[in-house]
Amino acid sequence: MTTPTAIPFNKPYLSGKETTYIEEAVRSGKISGDGLFTKRCHQFFEERFGFHKVLLTTSCTDALEMAAILLGLQPGDEVIVPSYTFVSTSNAFVLRGAKIVFADSTAFNPNIDAAAIEALVTPRTRAIVPVHYAGIACDMDAIQAIATRHGLAVVEDAAQAIDSYYNGKPLGSLGELAAFSFHETKNIISGEGGMLAINDPRFAQRAEIIREKGTNRSSFFRGEVDKYGWVDMGSSFLPSDIIAAFLYAQLENLDQIQDQRKALWQVYYTALSGLSKHGVGVPNLPDYATNNGHMFYLTCTSLAERTALIAYLREQQILPVFHYLSLHKSPFYADKHDGRELPWADFYTDCLVRLPLYYELTPALQQRVIGAILEFYRNR
């Protein structure tokens with residue numbers, strides 16, 4: 001009996017010109033940061049999505065760390081963050097000495113519960129960091145209203161949210177600052193890589209300085225100053241132009257990539273929505289949000305059920321994954337959390353499972369995934 005081909009959770013996609021552009025970057029004689037392809041990427045994002053200014057970074061983590069520096073956080077300042085997120089969302093602010101105040105997710109999707117935020121605001125609160133989980137927008141009107149009332153900054157963690165919208169506005173354009181990821185598991189990739197979107201012009205010049213090790217080197221190369229020096233804190237946050245060359249090839253094919261991913265998402269949604277009779281959830285898309293095809297997930301009824309489902313799928317050579325662990329219960333931060341129960345964050349920690357979704361997932365392979373899941377629930 002032939003063993004079926006394994007279906008991975010993710011497979012990086014080459015859109016066609018990645019290696020051509022990398023060679024072009026090398027031949028240009030400049031492969032360090034802010035070369036030709038970096039500038040092309042910056043122009044693409046600013047023109048297509050209307051961001052005031054963007055800066056490529058070596059990761060979304062670095063973009064978040066730049067945001068934390070730009071906000072001028074001091075030890076003891078508080079930042080409101082969802083517990084159900086990747087550690088970088090919190091770590092960026094912890095590195096500046098901030099206290100993380102964790103908020104719960106909603107009952108209908110893993111995004112931060114906007115209705116729970118106001119009660120968490122204190123005189124020490126400086127920022128709210130909504131995470132657009134699965135590329136589905138948080139309730140930004142409600143979040144921005146709270147931020148305006150209390151004079152808080154909004155930093156969007158848009159790691160998963162490229163080409164997704166809130167009431168017609170691109171995610172990443174709504175907060176003062178936003179961070180994107182181009183990790184190999186994202187829709188548009190460069191292996192590792194990220195971007196800071198700067199929507200408040202007050203931060204634009206300082207962001208360049210922070211990204212260039214605290215120097216005004218970018219101003220020097222534009223001829224705005226006759227020499228550059230150390231003028232602020234900073235680090236080396238800018239990626240090689242080789243990474244930007246790879247990324248630009250992907251951006252040229254953004255619409256094609258997005259159409260394919262959204263089509264795959266819709267096939268899953270149509271085939272698996274009926275699992276609601278078993279208490280299994282599929283992604284919930286609010287009226288104000290769009291779907292960018294970043295991921296398709298199910299929510300099982302218990303940790304035991306999810307464990308059994310993953311084990312069954314792996315027996316069929318299908319490799320799904322679960323996702324985040326509640327940060328308020330993490331070994332690093334549990335004793336710093338204020339003790340509030342965050343039941344929905346814990347629910348998604350225990351019950352959410354992500355299905356294979358990548359550009360080259362063929363209809364036959366996707367039907368294998370769907371068939372195995374339906375078979376699992378028929379037999380329960």
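## The sheet

Seven strands form an open sheet with mixed pairing, in the order E1-E9-E8-E5-E4-E2-E3. Strands here are DSSP runs of E with at least two residues, helices are runs of H or I with at least four, and both are numbered from the N terminus. Two strands pair if DSSP finds at least two bridges between them. Strand E1 (53-57) and strand E3 (99-103) stand at the edges with a single partner strand each, so one side of each has no neighbour in the sheet. From one strand to the next, the twist averages 25°.

E1 and strand E9 (residues 194-198) run antiparallel and are joined by five bridges. Val54, for instance, has Ala197 in E9 as its bridge partner.

## About the model

This is a predicted model, in which local features need pLDDT of at least 70 and side-chain atom pairs count only at pLDDT 80 or more, while totals for chains, interfaces and linings use all residues. Residues are numbered from 1 along each chain as its sequence is written, and side-chain values use heavy atoms, leaving out hydrogens and water.

## The nonpolar cores

A nonpolar core is a set of buried Ala, Val, Leu, Ile, Met, Phe, Trp, Tyr and Cys residues joined through side-chain atoms within 4.5 Å. Buried means under 20% relative accessible area, exposed over 50% and partly exposed in between (1.4 Å probe, protein chains only). The largest core has 96 residues, and Phe45 and Phe93 have the most contacts inside it. Helix H3 (residues 60-70) gives the most to this core, with eight residues. Apart from it lies another core of 25 residues, including Phe296 and Leu298.

Which residues does Phe45 touch, not counting those up to four places away in sequence? They are Gly50, Phe51, Val54, Ile162, Phe182, Met195 and Leu251, where contact means heavy atoms within 4.5 Å.

## Two helices crossing

H3 and helix H6 (residues 204-211) pack at about 125°, with their axes 10 Å apart. Axes are lines fitted to C-alpha atoms, for helices over the stretch in contact, and angles run from 0 to 180 degrees between N-to-C directions. H3 and H6 are therefore oblique to each other; angles under 35 degrees count as roughly parallel, over 145 as roughly antiparallel, 65 to 115 as roughly perpendicular and the rest as oblique. Met66, Ile69 and Leu70 in H3 meet Arg206, Ala207, Ile210 and Arg211 in H6.

## A buried asparagine

Asn292 sits in the loop between helix H9 (254-272) and strand E10 (297-299). Asn292 is buried, because its relative accessible area is 0%.
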